[in-house]
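Here is a quick tour of a protein fold, meant to be read with the structure open beside it. Keep the viewer handy while you go.

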Amino acid sequence: MRRSRMAAGAALVLAAALGAPATASAATASAATASAVPWQPYRTAPWTDAPGAVCSFGVTAAIVADQEQYRTLSSYPDGDPRLQEFRGPLVIQYTNTSTGASVVRNLSGYAWFRYGSDGSIRAFIASHIGLTVDVGNAGFPAGEWVLSGQSVVSVSSTGAISARLIHATAENLCQTLS
């Protein structure tokens, strides 16, 4: 799953991570409402990181498989999304543009994205996500990251990225591909 600068593929976990109502009746009502919201296709576009922007070398990301879907569970009065759920398969091939070395990573899974009215994003990741962090970011080291497991990723209104690994591993593809 990759959303914005992030890539990726239980009501109680969602409630704890995103501040949703934690009572059983509220979770049941929320689940019933969510089940009526249709899923829409979401496609991750390929991208290229310039040498020195993320890794010391350039990185290209080619989409191998992508059948992601999303649905908007809550919106602001102006129609902008407040809470979105993402799911589905996403497989990406990452390539070091200097050496040609490449790896394929599975970013399939589930995630929930809460969008702040100030432009910030807070995402609860239940499985995998790709995370591009530029050199100079203060909240998490620079790199082309693959997070696998449960994590919370935040992007501030200024674009600063931070990640908290709950039950997750983190692979920096800058190291893997060097």
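## Ground rules

This is a predicted model, where local features need pLDDT of at least 70, side-chain atom pairs count only at pLDDT 80 or more, and totals for chains, interfaces and linings use all residues. Residues are numbered from 1 along each chain as its sequence is written, and side-chain values use heavy atoms, with hydrogens and water left out.

## The overall picture

The protein has 3 helices and 14 strands; these are DSSP runs numbered from the N terminus, with helices (H or I) of at least four residues and strands (E) of at least two. Of its 178 residues, 42% count as buried. Buried here means under 20% relative accessible area, exposed means over 50%, and partly exposed is in between (1.4 Å probe, protein chains only).

The protein exposes about 8300 Å², and carbon and sulfur atoms supply 56% of that. Those areas come from the Shrake-Rupley method with a 1.4 Å probe, and for residues only the protein chains shown count as cover.

Two strands pair if DSSP finds at least two bridges between them.

If you want a landmark, Ala62 stands opposite Gln93 in E8.

## E13 and its partners

E13 is mostly covered, with 11 of its 13 residues buried. It runs antiparallel to E11, with 5 bridges between them, and Arg122 has Ser154 in E13 as its bridge partner. E12 also pairs with E13 in the antiparallel sense, over 6 bridges; there, Gly130 stands opposite Val146.

The hairpin of E13 and E14 has 5 residues between the strands, and Gly159 takes a positive phi near 100 degrees in it.

## Two cores

The largest nonpolar core has 18 residues, and Phe113, Leu131, Leu147 and Val153 have the most contacts inside it. Strands E10 (109-115), E11 (121-125), E12 (128-133), E13 (143-155) and E14 (161-172) each give two or more residues, with E13 giving the most, at 4 residues. Apart from this one lies another core, of 15 residues, including Cys55, Ile92, Val103 and Leu173. A nonpolar core is a set of buried Ala, Val, Leu, Ile, Met, Phe, Trp, Tyr and Cys residues joined through side-chain atoms within 4.5 Å.

## Salt bridges

The whole structure has 2 salt bridges, each being a side-chain nitrogen of Lys or Arg within 4 Å of a carboxyl oxygen of Asp or Glu. In one, Glu85 meets Arg71 at 2.8 Å, N to O. Glu85 is in E7 (residues 81-88) and Arg71 in E6 (residues 69-75), so the pair ties together parts 14 residues apart in sequence. Glu85 is buried at 7% relative accessible area, and Arg71 is buried at 10%.

Glu171 forms a salt bridge with Arg105, the closest N and O atoms being 2.8 Å apart. This pair links distant parts of the chain, with Glu171 in E14 and Arg105 in E9, 66 residues apart. Glu171 is partly exposed at 22% relative accessible area, and Arg105 is partly exposed at 23%.
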